[in-house]
Amino acid sequence: MKRKNISLLAFTIISTAYSQLSPNFVKECSSIKKYSFYTDRLLYENGHQAALSALLFDSSLFPWENTIEKKVELGVLADDAYSIKTYLSSYESGTNFSSSPQGLLHIADYYLSQKKYPEAENVLSKVNPTLLSLKENQDYLLRLGYAGFMQGNNDKAKSALREALQSQDDVKRNRAAYMLGHLAYLENNTDEAKKYFQSLPQTPEYDKIVQPYFIQMAYNSGEYSEASSLAKKYLETYPDGKMKSELNKIVGESLFTQNQFSEALPYLTSYAQEIEKSGQTPSYAMLYQLGYVNAKAGQYEAAVQYYNQITSAENKFGQNAYFQLGNAYLQSSPPQKEAAMAAYKKAYEMGATDGGNPDIPKKSLRQYAKLSYDIGNPFEANEDVLLKYSENYPNDPEIKTLLAKTYLYNGDLAKSISAMEELPSMDETIKNAYREATFIKAIQSLQDGKIAEAELYLKKHQTSVAASDINQKARINFYLGEIAFEKNDYESAILQYLKVKNGDAVAIPELEDGRLDYNLGLAYLKNKQWKEADNYLNLVKVSGSQYSNEAALRLGDSQFYQGNFNEAISLYEKSSGDYAEYKIGEAFLADAEYSKAESEFTKYLNTFSAGNYTVEAIFGLAKAQTALGKYTESNATLERIKNNTQNTYPVMMAGLQTAINTQELGSTAQAVNLLNSIADNQLNSGYSTEILNAAKTIFTRQKNISGLQEFASSKGWDTDKTEIQELELAAAQQLYNEGKYTESLAQYENLEKKTSPNSESYYFVLHQLAQVHSQLKNPSSAKTYFEKVATQENPYYDAANLWLYQNAISENAIEEKAHRLQKLQNANSAQLRKYALGEQIKTSVLTRSSTGNTSLLLDKVKNIGVVAAYQDFVKVVEARTLYESGKKSAARELFKSLEKSSISAVAAEALYNKALYQAESREYKASNSTIFTIAEKFPEQGIWGASALVLLAKNYWALKDKFQTKYTLSQIIENFTEYPEIVEQARSLKNLYAL
């Protein structure tokens, strides 16, 4: 049967109507005498079907006419299909029925009562209407219309029913009108349906049947106010009617559509309860509406329960449910932000759904991003989520602001500044953040030696500072002076410092304790403006500030460079430290006070057995002794060089000076032999200039110029060529110092071709080429040259390995990093060895890898120490060692002291240990809070974030939160593939929990 726009309500109406109409068909169409009817009815209603059937075959009991008709009716009453079929067969064969179609009407009644509408229509087709009375013909038409009506043969039904509508019998006419109204309703012909229904009597009997149609038609046409009003009235009139459930649905949905959520709540709830009682499951649409109205009514727990029943749906209802679930979690008291974030994430990840709200993915991602910023995100980095939203929906200033703040909090000042600059406008908070970030970034860049970058950010900062802020403008000028100083532009540095000096600024931390005057004095000193340098340095020297001693030293240097050696010595003597002591000897030496120089250098070497200027002091002592004619003592002094350095160059220079001293002692042959020995050992080292200079001295002493030429020729050296090369080297170095890197590159490349391989000069040139390429941001070329420098021991060997190690870190070249770190562990510099040990410990902490025999490693730390910056990493190794040895309490205390470490990896591990300790103590909620702190503060520490998520899932399971447990484990499996061991843990837990 074909039906259009027919609801459960419509089916209920049809069933109700038929139950009221069909018994009347049998009763009213009967032509049996009253006595017989009641006798037979009594037999039938008392269950005596067998007796009733017997009457069918005993015609002696029926002396009146129409015996056949009587038997047909009795067959209907007795539900005796056999008898009816027998009479139908008899009729079809023309026996007994040729002039009596009334029996066929009874047979049709039987089929109609059995809902066998095709059979009924077939029987009715055999009736000859011309043999019927007017009343019987109207009954016939009503039956024919009803049979077509129930089969969906609307056109045929309407044709018959319209004729039946002409009946003078009100009952029959009303029934025809009712069915015609229903057919019009099915065809969405609302006006016609209303016309037929409104023609029916205004009686309770018809009102109960017809009013649901008016309710449904109002609802279908969007007249929700009318629909809800009529339905409420109907429910009040018939509170226990069969259509109660459907009408509750209509009222609830109509009120919902009108945004009357509180009023809709009881009706929708009642409908859902009735549906569940009947064993059915409410539709996704109904569950969504129930969740929504409960949320609007402030019943957030109930809303969450309804939404959770829809989340399995991979369609628009599931997506809407996740989005509204997030809203409900947020509106709960207290807000469940972690759960809300997970719900929004799922809603966003579902993307566009068929028929769904296209704004849901955007709104969900926005909420997800905001919550990531608010509480931290254990699933992915906060900045990644905010960036994802900002890239997809770029015109959202609030998210851009949060992104800028996130970069700021994560310490990525460059990204934060860039993000803030993209904002269409800045409020005062962002303006302040921008001012602070640009200033801090400028200072950091300056401290890192990134001068151009420092200048760029300082100028950005300068544009954000109000003209009235004279203190900050003074700070800017000060740091512009610092930048100019680092660029060797001392004149510009002086101008910037003087702006600050002559300005009105007060209370600037950078300028306290005489720092400005000291910097001015130093800049004047570098610019060789001795008088001005002396003035400012002297001001600082007598101020008693922290720069006083340093100013005295620099004042001494100023006097030294001016040739005022006595004044320089006086200043050095008033200072302390190995530099001052060394410079006293150097000043006496420069002043030709050789005995005093000898005494001061001897004093220095006795006082500072491992000073910063030990090798220089030995050379100074040897020079003083040579100047005093103490050649033998000088040679003995020079022998000490070998014991204080492994570098080739100073050892060679000591040998050359020994050869010169030997010549001075009159041992010409021995001097030449020493010279030849050194030259042969350093033939290809690039030290030809130094050797030739010594040769010049020796052979000049011998007055043997031809010997000098022969010596140079035998080594393949051209004295003139060497001198030119020396000048070229000086020129290249000057260009480099001036920051003219491209020009210096050409000079050094030319020198590389001319300089003897494996000489100290050669490695110096290679080292300078590496530095130039680094400055020109050619890391590949820089790396190539540093690798050449690091092939064998030379004065630049350690520096090259340090650069290559740091470059390997930036390139994440694991094997290269390990190789270079091993080299640094054996460096000549004790400071570099400490740095290498610290890096070894730092790497083991950051990768969570074993550091080998930790007790030996910690003993090594005790013996040689580490650079201060690595102390926290050492503590982590100590804490791990304690934990692994079963001393968990001691480990916990040590980790606790690291929770506020400035090193994010250390602090993250310490907080993870805290979360683990809380979980072991069954403080699961506190543990979860610690985990979200890790996510919020240290999003970049992925390994600890992933480990913390595993612990988070365990905590949720312990708290009996199955949804969050499953969701967290699924997120680990999907999003942390770079940590396979963590993913495997998540899979194991998922299997264990049967999720």
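Predicted model: local features only at pLDDT ≥ 70, side-chain atom pairs only at ≥ 80, totals over all residues.
Helices here are DSSP runs of H or I, at least four residues in length, numbered from the N terminus.

The largest pocket holds about 740 Å³ of space. Three helices, H25 (451-464), H40 (719-737) and H42 (760-775), each supply at least two residues of its lining. Of the contributors, H25 gives the most, with four residues. In total, 18 residues line the largest pocket, and those nearest its centre are Gly449, Lys450, Ile451, Tyr741 and Gln775. Sorted by class, this lining comprises eight charged, six polar and four nonpolar residues, a breakdown that may be handy to keep in view when looking at the pocket.

Helix H26 covers residues 470-486. Its end C-alpha atoms lie 24 Å apart, which agrees with the 24 Å that its 17 residues should span at 1.5 Å a residue. Because 13 of those 17 residues are buried, H26 is largely enclosed by the rest of the structure; buried here means under 20% relative accessible area. Just after H26 comes asparagine 488, whose phi is positive, at about 65 degrees.

The C-alpha atom of serine 829 is 8.0 Å from that of aspartate 798, although 31 residues separate the two along the chain.

Technical notes: Residues numbered from 1 in each chain as written. Heavy atoms only, no water. 1 Å grid on protein atoms, 1.4 Å probe; cavity = no way out; pocket = protein on both sides within 12 Å on 5 of 7 lines; lining within 4 Å. Points joined across faces, edges and corners; volume = space filled by probe spheres on them. Nonpolar A, V, L, I, M, F, W, Y, C, P; charged D, E, K, R; others polar. Expected span 1.5 Å × (residues − 1). Buried < 20%, exposed > 50% of the residue type's maximum accessible area, 1.4 Å probe, protein only.
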